Amino acid sequence: MNNLHTWAIIAVSALVTALLRFLPFLMFSDSEKTPRIIKKLNKTLPFAVMGMLVVYCFKDINFLSYTSFLPALIAGALVVGLYLWKRNTLISIASGTVCYMLLVQLIF
Amino acid sequence: MKRTFKLAFKDTIPVLMGYIALGFGFGILLKSAGYGVFWAFFMCLTMYAGSMQYVAVALLSSGASLVTVAITTFMVNARHLFYGISMLDKYKNIGKRKLYLIFSLTDETYSLLCNEKPHIPKAELPNYYLLVSALNHSYWILGGVIGALAGTLIKFNSEGIEFVLTALFITIFTEQWLSNKKHASAIIGVVASVLCLVIFGSDNFLIPAMIVIALVLCFCNEGV
């Protein structure tokens with residue numbers, strides 16, 4: 001493939017990504033004219049979106065195979081449990097990740 | 001400013017671990033497709049979209065048409081539309097830096113910035129947003145460049161390290177759950193996503209899930 005096409009692919013992908021990020025700000029630049037429904041969304045969306053992102057992270061897990069879902073389930077539970085106990089983001093994330101790596105590398 | 005930098009750095013440590021690991025993986029993949037460190041740097045700098053850059057390697061290798069590239073990018077990254085909608089207020093009246101803040105609004109940066117920040121003085125918030133965004137961006141570039149440079153030299157069994165970003169999202173989700181009395185919105189997000197995942201499959205569920213979430217949130221009563 002020639003060099004020009006490489007540049008073009010990267011440029012198009014970068015532009016579409018940026019467009020998706022900028023679009024809401026371009027559409028609703030004037031807060032006076034922003035529909036009430038969007039203002040409402042802007043308060044409630046973060047909660048729904050984080051739920052969506054968590055599901056997104058687990059999307060490729062096969063729930064019919066325990067070697068696929070057990071490591072994620074155990075490590076995920078550890079993250080939540082530790083967070084409820086210590087309320088410390090770094091402890092939760094570090095412990096959960098080390099636990100997950102050990103499980104997928106050594107056990108499953 | 002120095003204090004804000006410390007706070008921003010501390011808050012981005014999970015992203016540092018995740019981005020170096022995933023950026024590294026991207027660099028290796030890109031290199032194996034025949035594109036060296038320059039391309040890794042350039043793509044991390046200009047696209048700055050984790051999963052999409054992995055997809056882009058496949059598009060580059062197959063010499064995909066530009067229409068295919070545009071449609072694929074749209075499908076993979078459509079969720080970013082939501083990030084903008086919920087940052088409209090936070091990014092209001094913060095000057096020229098706004099352009100960069102919007103450009104660099106990835107999943108992880110959004111997760112770190114979408115909640116209230118009681119530990120940051122109000123006057124320092126714009127600086128804090130900028131620092132978090134720029135630090136995350138630099139981690140990603142660093143990971144990609146190291147991966148393309150040294151990917152084949154470094155032997156380290158990193159299988160599973162991508163879980164660090166999953167863990168980040170889980171803790172933020174848990175924190176939001178604990179700090180709010182109302183859980184309807186969080187539940188809608190999870191249930192709609194799981195249902196769409198079951199119906200549409202893992203490659204196509206995000207856009208239907210976004211539509212369902214937006215519709216349900218719009219038509220629910222004020223109590224959500």
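Mentor: The centres of domain 1 of chain B and domain 2 of chain B, taken over C-alpha atoms, are separated by 24 Å. Domain 1 covers residues 2-179 and domain 2 covers residues 181-224, bounds that come from an automatic or database domain assignment. The model is predicted: local features need pLDDT of at least 70, side-chain atom pairs count only at pLDDT 80 or more, and totals for chains, interfaces and linings use all residues. Residues are numbered from 1 along each chain as its sequence is written, while chains are lettered from A and ligands numbered from 1 in the order in which they are written.

Where the two domains meet, 7 residues of domain 1 of chain B are in contact with 5 residues of domain 2 of chain B (contact requires C-beta atoms, placed from the backbone, within 7 Å). On the domain 1 side, helix 9 of chain B, residues 163-179, gives the most, with 3 residues. Helices here are DSSP runs of H or I with at least four residues, and strands are E runs of at least two, numbered from the N terminus. That side of domain 1 has 5 nonpolar, 1 polar and 1 charged residues; Ala, Val, Leu, Ile, Met, Phe, Trp, Tyr, Cys and Pro count as nonpolar, Asp, Glu, Lys and Arg as charged, and the others, Gly among them, as polar.

We now reach the core. The largest nonpolar core has 94 residues, and Ala48(A), Val164(B) and Phe169(B) have the most contacts inside it. Such a core is a set of buried Ala, Val, Leu, Ile, Met, Phe, Trp, Tyr and Cys residues joined through C-beta atoms within 7 Å; a residue is buried if 20 or more other C-beta atoms lie within 10 Å of its own, exposed if 12 or fewer, and partly exposed in between. Domains 1 and 2 of chain B both give residues to this core, so it lies between them. Leaving aside neighbours within four places in sequence, Phe169(B) is in contact with Met50(A), Leu53(A), Val54(A), Cys57(A) and Ser111(B).
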